[in-house]
Amino acid sequence: MFNYLSELNEKQKEAVLHRDGPLIIIAGAGSGKTKVLTTRIAHLMKQGVDPFRILALTFTNKAAAEMKERIDKILGNNEARNLYIGTFHSVFARILRIEAEKLGYPSNFTIYDSDDSRSVIKSLVQNNNLDDKLYKPNLVQSRISAAKNSLITPYDYLNDKHIQMEDARANRPYLGQLYASYVEKCFRNGAMDFDDLLVKMYELLTRHPDVLSKYQHRFQYVLIDEYQDTNMAQYKIVKLLSAMHENICVVGDDAQSIYSFRGATIENILRFQDDYPDAQMVKLEQNYRCTQNIIGVANAVINNNKKQIPKDLWTGNDTGEKIKLVRTLTDNDEGRYIADAIQEQKLRNHYQNKDFAILYRTNAQSRSFEESLRRLNIPYRIFGGLSFYQRKEIRDYVAYLRFVVNPNDEEAFKRIINFPARGIGKTSLDKILTLANQSEHSLWTIVQNPAAAGIGGAARAAIEQFVVMMQYMQSMLASRNAYEIAFEIGKRSQLVAEFYNDKSVEGQARYENVQALLNSIKEYTETPNEDGELEANKSLGAYLQQITLLTDADNDNDGNQDVVKLMTIHAAKGLEFPCVFAVGLEENIFPSAMSVYDREGLEEERRLFYVVITRAKEKLWVSFAHNRYRFGNLVSNEPSRFIEEIPETYLDKSFAGVAGARGSLNNWSDTGSRQSFNRSTAGPGGRSGFSRSAGAPEEKKNTTFSRGVAPAAGSGYVHRPTATFRPASPESLAEGMKVEHQKFGFGTISRIDGGQSNRMATIHFDNVGEKKIMLQYAKLSIIQ
DNA sequence: ATTACTATTCTTTTT
DNA sequence: GAATAGTAAT
């Protein structure tokens, strides 16, 4: 073991050596936060503190895993596995699993992810005959989630005058009732959603003093990472857990608080010293990550925020290059420009692919970068988006597993009862669900007796068969591990056969995914318990409870591959890259259109900008496009107001991205119908600065354009359009014309009908037969 | 009852 | 333009 203390600066050492009592560490970006946290824990253990009595909570599994690994490295004895380190959600899930019965839950409770809970909400809205235009599932869900994160129970909600007035004014008076039925429904299903893992934990601690006392005594030291992102529920739980010893250490940076939409409140960090008047505060202000120019920009930008803890982030690193401002005409040009820039940097400065990250505000922005990177054969990987476990085939399989473990899980039941098809239709399903919801009996009781629900004939026989299968699977629970049960259920339910028999390309992909799932379960059961899990337990129930809490970002085994990384800024928090492209710096995107109405929202967007700037170690590009496709049509946005907040002295504006733009401008003018764009060609290069008015002035916003179809030497497309492919406007098409479709190939228009906005053509294609096509969206090129 | 087509909404950000 | 929900068609 090396002398870990000698690697620390004075402030870091102070934070590590502080032994007892509350401690708040304000850790600026790149100031060695994780190092301090891990060294502190290692030091405590070195001083003889029992690892079983140290609780450390993070927001991502990845952060937790990294901490464990680094502590192990310092100590070099494998003791770190005994630490209670994990995300809020996973640690609480583990405790709740042990204590579930005290709350009336089965210890094998199901964890609902957002899709599950949205589905529950949808059926509640339907069953109560509420208007789903008014009670949009997403809205209801976020409203319920917000209530839970503030520890407002359905009872509180219904009795709060202010909330009730608010809902009434929005013409949604039944939100409170919906909330109440949702909670009841989840309880009956034996399920907790993500928020429940916090809410129920709070309930557990407040309603059961003996349990509270047990964990209070147990956790002698409590450490919280990313404290600025905690919400009310997390705050209260942490406070309860640490109340006995008051050895609470929180680490955070108010400037990087970017999760208020999830209920996080920056107040938690701002008021820590009010809660603990004798708390010691340590500020880590030396940045080891970035160049001076990058820190300069970051500081200048964040200074526009009013609400913050004063601090002075500085670095002893080199000055570095200026920040490169890139403007392009369209989102496709932006993609092209950045792919070119990566190529150039690799050649000139010997960077590897993995040294680059493209960071955007919304997931939807990834498309143009994927296309341009693929065109240059630059390997990349997108982080975020839908994870492996969100694929349909995986959800279906997992639903079977869930139902075996918890046969009251209605969401799982609905997924599997007729998949693979076994002749149980909507009518039978409705009968079962109605009875289960109206009677006192559980879903599983009803299913076991289909006759009582008024189901006869073939459907009844099918259900009885289903029940026998499930009962058999349940009988395996006690004696078999997760993999054995999963394998057996796939076989008996015909699920695996269903996927195997689908010989289409997508079908084979689904089959492979299912095999991958089975492999991962096998791996889970065969891996010895090194993750600090207390019960040496490889049961199916234990497996299910952990996978719901996994996200795509945790799937890190190939994280060191040499690929360019694409992700949202949120997902990039805590990471660093030599070269960063902060893209889409446009009004309505970044800052997001929904956040510019109040100071709070705007300041959070600015913190997000601060986060993306400080991800860069050496080089930073900031880019924006004047025109961009959104919802399938072209809109123009002004450059983000944040660009103006970057001091001129740090900016290099010579990267106009004109080269990329010129090529596509030629393509546009070829079609002859795009004159309005030619006007804007005068913009780049011609004008001096980046005044707001520089954009293409008044092009029509709803015209249909072809989207980035590269006419020349395009490669890598599945159905490749010919070199002469030129999309025509809907009006110019007529019956009898020979046309080319981007996907379907050549054909003849046999009919056109519909009005201006919904013109539709019936086209007979040479290869794929007759299709009806909405002209507004189609890409059709006239041949004759 | 399953498939195929049409209409509608969607874009913040995630455990 | 994509994903989804709803509806028409075999």
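This is a predicted model: local features need pLDDT of at least 70, side-chain atom pairs count only at pLDDT 80 or more; totals for chains, interfaces and linings use all residues.
How many of the eight residues of helix α26 (residues 540-547) are buried?

Residues are numbered from 1 along each chain as its sequence is written, chains are lettered from A and ligands numbered from 1 in the order in which they are written, and side-chain values use heavy atoms, with hydrogens and water left out.

1. **Helix α26.** Seven of the eight residues of α26 are buried, so the helix is mostly covered. Here "buried" means under 20% relative accessible area, "exposed" means over 50%, and "partly exposed" is in between (1.4 Å probe, protein chains only). Helices (H or I, at least four residues) and strands (E, at least two) are DSSP runs, numbered from the N terminus. The buried residues are L540, G541, A542, Y543, L544, Q545 and I547. Their cover includes α4, β4 (110-112), α18 (392-405), α23 (482-492) and α25 (505-526), where contact means heavy atoms within 4.5 Å.

2. **The nonpolar cores.** Y543 turns up again in the largest nonpolar core, which has 52 residues; Y543 is among those with the most contacts inside it, along with Y397, F403, F413, F466 and M470. Such a core is a set of buried Ala, Val, Leu, Ile, Met, Phe, Trp, Tyr and Cys residues joined through side-chain atoms within 4.5 Å. Take F413: leaving out residues up to four places away in sequence, F413 touches F403, L429, I432, L433, L443, V447 and F466. A second, separate core has 45 residues, including I111, L151, V222 and F272. As background, nonpolar side chains tend to be buried together in soluble globular proteins.

3. **Strand β2.** What about β2 (54-58)? Five of the five residues of β2 are buried, so the strand is largely enclosed by the rest of the structure. Both faces are covered, with I54, A56 and T58 on one side and L55 and L57 on the other. β2 pairs in the parallel sense with β6 over four bridges, and L57 stands opposite I224 there. β2 also pairs in the parallel sense with strand β3 (residues 84-87), over four bridges; in β3, I85 is the bridge partner of A56. Two strands count as paired if DSSP finds at least two bridges between them.

4. **Aromatic pairs.** The whole structure holds 25 aromatic pairs. F59 and F88 form a tilted one, 5.1 Å centre to centre with 55° between the planes. This pair links distant parts of the chain: F59 is in the loop between β2 and α3 (61-75), F88 is in helix α4 (residues 88-99), and they are 29 residues apart. F88 is buried, at a relative accessible area of 1%. Y227 and F272 form an edge-to-face pair, 5.9 Å centre to centre and 85° between the planes. Y227 lies in the loop between β6 (221-224) and α12 (232-242) and F272 in helix α14 (residues 272-275), so the pair ties together parts that are 45 residues apart in sequence. Both Y227 and F272 are buried. Rings of Phe, Tyr and Trp (its six-membered ring) pair if their centres lie within 6.5 Å; planes under 30 degrees apart count as stacked, over 60 as edge-to-face and the rest as tilted. Elsewhere, Y351, F356, F581 and W621 form one aromatic cluster.

5. **Charges over rings.** The charged end of R262 sits over the ring of Y259, 4.8 Å from its centre. Likewise, the charged end of R381 sits over the ring of F383, 4.2 Å from its centre. The test is that NZ of Lys or CZ of Arg is within 6 Å of the ring centre and within 35 degrees of the ring normal.

6. **Cysteines.** How many disulfides does a search of the whole structure find? The count is zero, a disulfide being a pair of cysteine sulfur atoms within 2.5 Å. The sulfur of C579 is 13 Å from the closest cysteine sulfur, in C290, too far for a bond. C579 is buried at 0% relative accessibility.

7. **A buried aspartate.** D167 is found in helix α8 (residues 161-169). D167 counts as buried, at 3% relative accessibility. Leaving aside neighbours within four places in sequence, D167 is in contact with R143, Y157, R172, P173, L175 and G176.
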